[in-house]
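This report considers the confidence of a model and a selection of its charged side-chain pairs. The sequence and structure are shown first.

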Number of protein chains: 2
Amino acid sequence: MKLRIGIVGATGIVGSELITLIAERGTPVGTLRLFASEKSGGKKVPFGEDLVIVEKLESRKLTNFDYLFFCSNEGVSREFLPTAAANGICCIDNSAAFRERGDVPLVVPEINSHALAEHKNVIANPNCSTIITLMAIFPLHVAFGLKKFCATTYQAVSGVGCSGIEALNRAIDGNHAMSEEIFGEQILFNAVPKVGKFFANGYTSEEMKMLNESRRILGFPDLRVSSTCVRIPAMRAHSISVIAEFERSFDLCVAQRILRENEHVDYFPGTSFPSAIERTKKDRVGVGRLRVDTFFDNGATMWVVGDQIRKGAALNALQIMELLEFQKCKSTPIPLVVQDVRAKTMPSSG
Amino acid sequence: MKLRIGIVGATGIVGSELITLIAERGTPVGTLRLFASEKSGGKKVPFGEDLVIVEKLESRKLTNFDYLFFCSNEGVSREFLPTAAANGICCIDNSAAFRERGDVPLVVPEINSHALAEHKNVIANPNCSTIITLMAIFPLHVAFGLKKFCATTYQAVSGVGCSGIEALNRAIDGNHAMSEEIFGEQILFNAVPKVGKFFANGYTSEEMKMLNESRRILGFPDLRVSSTCVRIPAMRAHSISVIAEFERSFDLCVAQRILRENEHVDYFPGTSFPSAIERTKKDRVGVGRLRVDTFFDNGATMWVVGDQIRKGAALNALQIMELLEFQKCKSTPIPLVVQDVRAKTMPSSG
């Protein structure tokens, strides 16, 4: 069965990547319609050998779809998604609009695919840094039982969209005004410890997403997470320094084998490591510099890098659709990179 | 009494900064002689209103000094320092050559000035990231009793010297060869989790310095430190995300007051924070984003930034000399930014 797919925010950085991925992964597309704001309406976007005309987003147009991907901001999702979902369309939302709602599954297919069983046509795609971090932690959690973790990020400018890339390119040419406006400070030659907005407790929205979304995805409501999120002058792919403490005795050799054999991550042994440049446009999260932590008795430290536009956003959203299709018909030819790990997602204790 | 001062490695990034600081701080200089490798011999370097000719480094020239500052690499310090020290000259070494020797004090004047009492003409200046990190942790350690800490760094390219700045400038012009050679990977638009060389335990030399030197400076031989050191495309000033766990109950309001009132750091309240661009060429370490950690029961998280060429190297070395002169004659007019905190440097327990 060919799928009727719509993409809202199709000209943005995540929407564009999603179109590329749908073509790359051989998704069986019957209809592909692209929506954006008025100023992008009429643009022609290549899809395989065709050109698809971008339509101005209007509520009445969001009918006759199997899946709608929302790749715009929270406001657009809040305005347009509920009606489409109520009309029976399965909506996969990249924004943070519905992530904290108990009746909306927040899903990383390789981790908590079971959460999809209860969806009511609204599925939230988690925060990019959180997805990338958990892709590395989860296989070790299954083996050793996660107790707490700390994530310190090095996030690329494209996290804010195409404008971040334009701002950094202008800064390279000596004009810092646009980057100062977007990031609150010059981004070239700098590290800015503010991603998102500040809350009263001194944490930023990005840091609180790492805490709250990790708890939901792992099904671990009292998990302790410490996070510092920092923007650096990288164009694409987020790097994250992770320390994890486990319930059970951490064995480095076992952990190395687990990550090496895990088909969802690329493991870098010895003194090799992934980096933002190296991971750009790659599907898998890279994990390197795995070592015994000097802080905790059962701790591990590692360096985790992922393309936040692919696995951190567009790819994860598309995998959610692939998983739903797979669950409908186990013989579907859609290329799946998921496994059901429901039985393993509960921590051993705590 | 005017001082006879020599600088070995005077044309490097730390040596040049030291010359600037000696002029800026009104150090009472009788003689200033500058030494460098043969290729810099004969260069003229401005000092106040004079020009000082750089001499080719030779062992026989290192006599008739009160202080010699070694601002070159470990090899140069190992070759030339011991003879000068044996001849009665007080040698302050910026390299890592003697930092682990039990009979060589490793000193941050604001933290462990008492260690100078036992010096035998060789004093080691600590690693730059370690100095900057401890400047923020120490006042809180005095109040709450440090138990362990975690430091995740964002280090500038000038940490390797002038060549790091040249390499990043070339990369901006599209030529990545020099930065790839120095940093092992493209540095522009990237974060490279390797500073120094790898050890068998998976940690780098920079990370092990953070552990070993912190233990020596704080007089805390079993302190637990977790560190991940990362090079980013910043020109100057190292940023460090720090989590500290304390023995005693951590009170945020008390901690804010302690840092605000501490004359050795610049405290950034609320949602303000220091950054690499903002701290460049500033003497003081900046501390911001202080908040209660979500990881530990008595933990604090903060964002610490310091100019690694000033407080991380040249300034700290010069302060060591100022402190020694101050201890000789309490009425010296040398501008001091030090305090004796000997009684407070032992942890409350652990």
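## Confidence and salt bridges

In this predicted model, chain A has a mean pLDDT of 93, and 94% of its residues reach 70 or more. Residues 331-350 of chain A form a stretch where pLDDT stays under 50; the model has 50 contacts beyond four places in sequence for this stretch. The scores of the model are ipTM 0.93 and pTM 0.94.

Side chains of opposite charge can pair when their charged atoms come close. Over all chains, the structure holds 54 salt bridges.

| Salt bridge | N to O distance |
|---|---|
| R170(A) and E166(A) | 2.5 Å |
| R60(B) and E58(B) | 3.4 Å |
| R101(B) and D103(B) | 3.1 Å |

The pair in chain A belongs to a helix: R170(A) and E166(A) both lie in α5 (residues 162-172), four residues apart, about one turn of the helix. R170(A) is partly exposed, at a relative accessible area of 35%, and E166(A) is likewise partly exposed, at 39%.

Definitions and conventions. Residues numbered from 1 in each chain as written. Chains lettered and ligands numbered in written order. Predicted model: local features only at pLDDT ≥ 70, side-chain atom pairs only at ≥ 80, totals over all residues. Heavy atoms only, no water. pLDDT = per-residue confidence, 0-100. Contact = heavy atoms within 4.5 Å. Salt bridge = Lys/Arg side-chain N within 4 Å of Asp/Glu carboxyl O. Helix = DSSP H or I, 4+ residues; strand = E, 2+ residues; numbered from the N terminus. Buried < 20%, exposed > 50% of the residue type's maximum accessible area, 1.4 Å probe, protein only.
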